[in-house]
Amino acid sequence: MIEGHVPVADIRRLLEERPDAVGLAVPGMPYGSPGMGPESERVAYDVFLIRGDGSTEVFTSYTAA
């Protein structure tokens, strides 16, 4: 599953790497994430990998632009 404004590059990486997980999530609506304003003005945010047991880990970190 994909929840939130997850960048396409992260979805592609998830499909290529096939980690033991149920999906990716970006909590909230961070400015500069896909569909949320220009990437050139992005705030820092993380994309989380969600494991089958409900635990999460950072899959990708995006720095502020």
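In the predicted model, Ile2 belongs to strand β1, which spans residues 2-3. Ile2 counts as partly exposed because its relative accessibility is 38%, a value between the limits of 20% and 50%. Setting aside neighbours within four places in sequence, the contacts of Ile2 are Ile11, Leu14 and Leu24. Gly52 lies 50 residues from Ile2 in sequence, and the C-alpha atoms of Ile2 and Gly52 are 14 Å apart in space.

Strand β1 is part of an open sheet of 4 strands, arranged in the order β1-β2-β3-β4 with mixed pairing. Strands β1 and β4 form the edges of this sheet, and each of them pairs on one side only. Within the sheet, β2 and β3 are antiparallel and are paired over 3 bridges. Across this pairing, Ala25 stands opposite Phe48 of β3. Strands β3 and β4 also run antiparallel, and 6 bridges join them. Here Leu49 has Glu57 of β4 opposite it. The hairpin made by β3 and β4 has 5 residues between its strands, and Gly54 in this hairpin has a positive phi near 95°.

A positive phi is also found at Arg18, with a value of about 50°, although Arg18 is not a glycine. In general, most residues other than glycine have a negative phi. Arg18 is placed in the loop that runs between α1 (residues 8-17) and β2 (residues 23-25). With a relative accessibility of 62%, Arg18 counts as exposed, since the limit for this class is over 50%.

The largest nonpolar core consists of 9 residues: Val6, Leu14, Leu24, Val26, Tyr45, Val47, Leu49, Phe59 and Tyr62. At least two residues of this core come from each of β3 and β4. Strand β3 provides the largest share, with 3 residues.

The model contains 1 aromatic pair. The pair is formed by Tyr45 and Tyr62, with 5.0 Å from centre to centre and 20° between the planes. Tyr45 and Tyr62 count as stacked because planes under 30 degrees apart are placed in that class. The two residues are 17 residues apart and link distant parts of the chain, with Tyr45 in strand β3 and Tyr62 in strand β4.

Ser33 is located in the loop between β2 and β3, the latter covering residues 45-50. The relative accessible area of Ser33 is 0%, so Ser33 is buried; the limit for this class is under 20%. A polar atom of the Ser33 side chain lies 2.7 Å from the backbone oxygen of Pro30.

Glu41 is likewise placed in the loop between β2 and β3. Glu41 has a relative accessible area of 49% and is therefore partly exposed. Apart from residues up to four places away in sequence, Glu41 touches Tyr31 and Ala65. Glu41 and His5 are 36 residues apart along the chain, and their C-alpha atoms are separated by 15 Å. The loop between β2 and β3 thus holds both buried Ser33 and partly exposed Glu41.

Notes:
Residues are numbered from 1 along each chain as its sequence is written. This is a predicted model: local features need pLDDT of at least 70, side-chain atom pairs count only at pLDDT 80 or more; totals for chains, interfaces and linings use all residues. Side-chain values use heavy atoms; hydrogens and water are left out. Buried means under 20% relative accessible area, exposed over 50%, partly exposed in between (1.4 Å probe, protein chains only). Contact means heavy atoms within 4.5 Å. A polar contact is a pair of N or O atoms within 3.5 Å; within protein, one must be able to donate a hydrogen and the other to accept it, and residues adjacent in sequence count only if both atoms are side-chain atoms. A nonpolar core is a set of buried Ala, Val, Leu, Ile, Met, Phe, Trp, Tyr and Cys residues joined through side-chain atoms within 4.5 Å. Rings of Phe, Tyr and Trp (its six-membered ring) pair if their centres lie within 6.5 Å; planes under 30 degrees apart count as stacked, over 60 as edge-to-face and the rest as tilted. Two strands pair if DSSP finds at least two bridges between them.
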